[in-house]
Amino acid sequence: MQRQGKRGSAAIRLRVAGAVLLLAHLLLVGWLTLRPLDVPWVTAANLEPLAGIKADLALGPVEAARQIGGPLLLLAPLGVLLPMAGGRLTVSPLASLARTAAAGAMISLGIELLQTGVPGRVLDVDSLLLNTAGVTVAHLLVVPVGRARLRRRGADRTARPTALPSTGITTASTMLPVGRIGARGTRPAPRAGARPSGGPGPLLREDAAQGSTPTIPRVGIAP
C-alpha cells in the first residue's frame, strides 16, 4: 500500500508539472503568434503545401534556417508536455505518437485560424506542417526514452527490499546463548547449593537458607 501511494503521488506530481508547463507554453505561443504586427504590407495567404518552404529555401541557408526553424520549434515542446500532462507510462508508443501529433496539429490549426483576424498575420499552411513536424520529432526523441527510464526506476524501487523499522526491543533469543534456554524459552532457576557461574565455589545449604550475615554498625562511647 505504501509503494502504491508513492507511485500515485509521483504520477500526480508529474501530471501537475506537465499541466502547468503546458499552460505556460501555450500562453507564450499565443503571445508570440497572436500579437498584431505593424507592417506596411502583408503577403497573401498561403494555401499551397510546401510552397512557402520552397520560397524560404531560395533565400539562402541562413534565412531559410530562420524562416523554417521558427515554426518548427514553436510547438515542439508540446511533443513532450502533452504526454507529460497525461501522466501515463504504460501506453503504446504508436498510439501516443498519433495522439500527440494530432493534438499538435489541432492546436496549430487553431492558431492559424485565429491569425486571420489579427492585423499583420496571414494563414500559412506550411506553418501548420512545420508545427506538426516539430511536435512529432520532439515526441520521438524524448518521450519513449523518458517513459522507459521512469518504468525502469519504478521497477527497481519495487524490487528493492524494504528494511524493517528498528523497534529497539531485544528478544530473549538474542540475549541468551543457544543451549541455555529452558523448555519454555526462559533460563531455569538455579538450584539451592549450586555454584553460580563464575562464583568462588559451592554454597552450603545452611548458608543458602540463612542468607547473608547482618553487620552491626559501631556506636561511639560518650566520654
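The legends below describe an overview and several close-up views of a predicted model.

**Figure 1. Overview of the chain, with eight helices and zero strands.** Residues are numbered from 1 along each chain as its sequence is written, and side-chain values use heavy atoms, with hydrogens and water left out. Because this is a predicted model, local features need pLDDT of at least 70 and side-chain atom pairs count only at pLDDT 80 or more, whereas totals for chains, interfaces and linings use all residues. From the N terminus on, the elements run α-α-α-α-α-α-α-α, where helices (H or I, at least four residues) and strands (E, at least two) are DSSP runs numbered from the N terminus. Of the 223 residues, 20% count as buried; buried means under 20% relative accessible area, exposed means over 50%, and partly exposed lies in between (1.4 Å probe, protein chains only). The chain exposes about 16600 Å², of which carbon and sulfur atoms supply 66%, the areas coming from the Shrake-Rupley method with a 1.4 Å probe, with only the protein chains shown counting as cover for residues. Among the contacts with a separation of 6 or more, 76% are between residues 24 or more positions apart, a contact being heavy atoms within 4.5 Å.

Figure 2. Not counting residues up to four places away in sequence, Thr-33 touches Leu-74, Ile-111, Gln-115 and Arg-121. The C-alpha atoms of Thr-33 and Leu-114 are separated by 9.2 Å, although these two residues are 81 residues apart along the chain.

**Figure 3. Two residues, Pro-36 and Leu-50, of the loop between helix 1 and helix 2 (51–57).** Pro-36 counts as exposed because its relative accessibility is 58%, and, leaving aside its neighbours within four places in sequence, Pro-36 is in contact with Val-118 and Pro-119. A separation of 6.0 Å is found between the C-alpha atoms of Pro-36 and Gly-120, which are 84 residues apart along the chain. Leu-50 has a phi near 70°, a positive value in a residue other than glycine, and with a relative accessible area of 44% Leu-50 is partly exposed.

**Figure 4. The salt bridge between Glu-63 and Arg-66.** A search of the whole structure finds one salt bridge, defined as a side-chain nitrogen of Lys or Arg within 4 Å of a carboxyl oxygen of Asp or Glu. In the pair formed by Glu-63 and Arg-66, the closest N and O atoms are 2.5 Å apart. Both residues lie in helix 3 (residues 61–74), where they are three residues apart, about one turn of the helix. Glu-63 is partly exposed, with a relative accessible area of 26%, whereas Arg-66, at 54% relative accessibility, counts as exposed.

**Figure 5. Helix 4 (residues 78–86) and the residue just after it.** The buried residues of helix 4 are Leu-78, Gly-79, Leu-81 and Pro-83. Just after this helix, Gly-87 takes a positive phi of about 75°.

**Figure 6. A positive patch and a nonpolar patch on the surface.** Patches are made of residues with over 30% relative accessible area and no salt bridge, like charges being joined within 9 Å and nonpolar side chains (Val, Leu, Ile, Met, Phe, Trp, Tyr) within 5 Å. For the charges, Lys and Arg count as positive and Asp and Glu as negative, while His and the chain ends are not counted, and the place of a charge is taken as NZ of Lys, CZ of Arg, CG of Asp or CD of Glu. The positive patch is formed by Arg-13, Arg-149, Arg-151, Arg-152, Arg-153 and Arg-157. Helix 6 (residues 125–159) gives the most to this patch, with five residues, and Arg-149 is found in that helix. The nonpolar patch consists of Ile-12, Val-16 and Val-20, which together have about 280 Å² of accessible area. Val-20 is found in helix 1 and, at 51% relative accessibility, counts as exposed.
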